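Welcome! Take a moment to turn the model around on your screen before reading on.

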Amino acid sequence: MSVNVTGAFVYFNIPIFGGIPITQTTISSLLVTILLCSAFVILGKGLSTRPGKAQVLVEKGVSMLQGMVVETMGAHNAHWTPFIGAVFLSSIFGSLIGMTGFLRSATADLSTTLTWSIMVSVIIWYNNIKNNGFGGWLKGFTEPIVVMTPMNLIGEIAQPASMAFRHFGNIAGGGVITSVLYTGLALASSAALNLISSSGIAIGIILMVLGLGLILWNRKTKKVFPLIAGIVSAALGLFGLLQAAGILTGVPLLTLGIPAILSLYFDVFSGFVQALVFSLLTMVYISGSLPEPQADAE
């Protein structure tokens with residue numbers, strides 16, 4: 001994941017309305033939008049009554065999404081499925097795009113998640129005004145008693161803020177942790193290889209022999225830890241000898257693999273979970289403003 005602790009880099013400014021900055025987040029969000037729209041157009045073409053594998057997968061995904069919307073929001077709100085799907089996919093791919101290494105995760109910018117949260121609040125306010133009238137909507141802030149008005153107003157502000165900060169905090173925090181760990185492992189790798197190369201060839205040979213021994217021993221035990229320890233030991237010995245010979249220097253050996261494993265959690269798993277949580281909260285809040293219509297009395 002690509003995360004800059006100082007914020008999104010500004011590429012240039014559009015000289016209108018006092019200057020509109022085009023940042024890394026803007027580019028990432030635009031690319032995600034183009035990607036999703038292109039995928040929808042391609043997957044929506046050539047639909048057949050005898051579907052192929054791609055169409056079956058798409059139909060299965062749409063059915064699961066619609067089922068989730070109906071279960072959470074009610075059958076009368078099933079038409080919100082495309083909107084929830086757009087929010088869910090935009091969130092997932094907005095997080096995963098940071099794994100490219102040169103683009104910033106759109107969801108690692110508070111402006112993205114806050115915009116989505118405010119959009120959800122506006123939809124809720126619109127539905128409440130449509131169903132209860134403007135006066136009825138305002139009356140809701142003073143019920144059950146006028147003293148509760150400040151608390152109700154705070155609740156209206158806290159709702160989008162909590163949604164935005166929860167999503168942003170998890171994605172941005174994961175990126176910062178991965179970046180810090182990567183830097184720490186690079187420094188540790190440099191220190192270890194410098195120590196091995198400056199200690200003569202004996203230390204490097206011992207580490208290689210020890211590593212190969214652990215790897216061979218692991219063929220019988222089939223345990224993960226001895227295998228990892230053997231690979232790391234053999235690699236440190238080998239690259240330490242290469243650095244001592246002046247063939248390869250400054251190889252960030254310890255950064256290979258470990259950040260990638262953490263990325264699977266912070267980028268893939270956490271990104272999926274946050275997208276699901278944000279979508280579920282969106283469904284719950286919107287459905288609260290769209291109750292099931294009452295049947296007319298006969």
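In this chain, 67% of the contacts with a separation of 6 or more come from residues 24 or more positions apart. Keep in mind that what you see is a predicted model.

**The whole chain**

What are the elements of the chain, counted by type? There are eight helices and two strands.

How does the radius of gyration look beside that of a compact globule of 298 residues? The chain has 27 Å, while such a globule would have a value near 19 Å. Along the principal axes, the C-alpha atoms fill a box of roughly 95 × 55 × 40 Å. Of the 298 residues, 32% count as buried.

**The largest pocket**

Next, look for the largest pocket, which has a volume of about 770 Å³. It is lined by 24 residues, and those closest to its centre are Phe-40, Gly-61, Val-62, Leu-65 and Leu-89. The elements that each give two or more residues to this lining are α1 (24-44), α2 (53-73), α3 (81-96) and α8 (258-288). Which of them gives the most? That is α3, with eight residues.

What kinds of residues make up the lining? By class, 20 are nonpolar and four are polar, and there are no charged residues.

**Aromatic pairs**

A pair of aromatic rings is described by how far apart the centres are and by the angle of the planes. Searching the whole structure turns up three aromatic pairs. Two of them are set out here:

| Aromatic pair | Centre to centre | Angle between the planes | Kind |
|---|---|---|---|
| Trp-80 and Phe-83 | 5.6 Å | 80° | edge-to-face |
| Trp-116 and Phe-278 | 5.8 Å | 65° | edge-to-face |

The pair of Trp-116 and Phe-278 links distant parts of the chain: Trp-116 belongs to helix α4 (residues 110-139) and Phe-278 to helix α8, 162 residues apart.

Trp-80 has 15% relative accessibility, so it counts as buried. Trp-116 is buried too, because its relative accessible area is 17%. Phe-278 has 2% relative accessibility and therefore counts as buried.

**A closer look at Phe-278**

You can find Phe-278 in helix α8. Which residues does Phe-278 touch, leaving aside its neighbours within four places in sequence? Its contacts are Val-87, Thr-113, Trp-116, Ser-117, Met-163 and His-167. Trp-116 in this list is also the ring partner of Phe-278.

**A closer look at Ile-97**

Where is Ile-97 found? Its place is in the loop between α3 and α4. Ile-97 counts as buried because its relative accessibility is 12%, and buried means under 20%.

Leaving aside neighbours within four places in sequence, Ile-97 is in contact with Ser-28, Leu-31, Val-32, Leu-103, Arg-104, Ser-105 and Ala-106. Ile-97 and Ser-38 are 59 residues apart in sequence, and the distance between them is 16 Å, C-alpha to C-alpha.

Technical notes:
Residues numbered from 1 in each chain as written. Predicted model: local features only at pLDDT ≥ 70, side-chain atom pairs only at ≥ 80, totals over all residues. Heavy atoms only, no water. 1 Å grid on protein atoms, 1.4 Å probe; cavity = no way out; pocket = protein on both sides within 12 Å on 5 of 7 lines; lining within 4 Å. Points joined across faces, edges and corners; volume = space filled by probe spheres on them. Helix = DSSP H or I, 4+ residues; strand = E, 2+ residues; numbered from the N terminus. Nonpolar A, V, L, I, M, F, W, Y, C, P; charged D, E, K, R; others polar. Phe/Tyr/Trp six-rings, centres within 6.5 Å; stacked < 30°, edge-to-face > 60°. Buried < 20%, exposed > 50% of the residue type's maximum accessible area, 1.4 Å probe, protein only. Contact = heavy atoms within 4.5 Å. Rg over C-alpha atoms; globule rule 2.2 N^0.38 Å.
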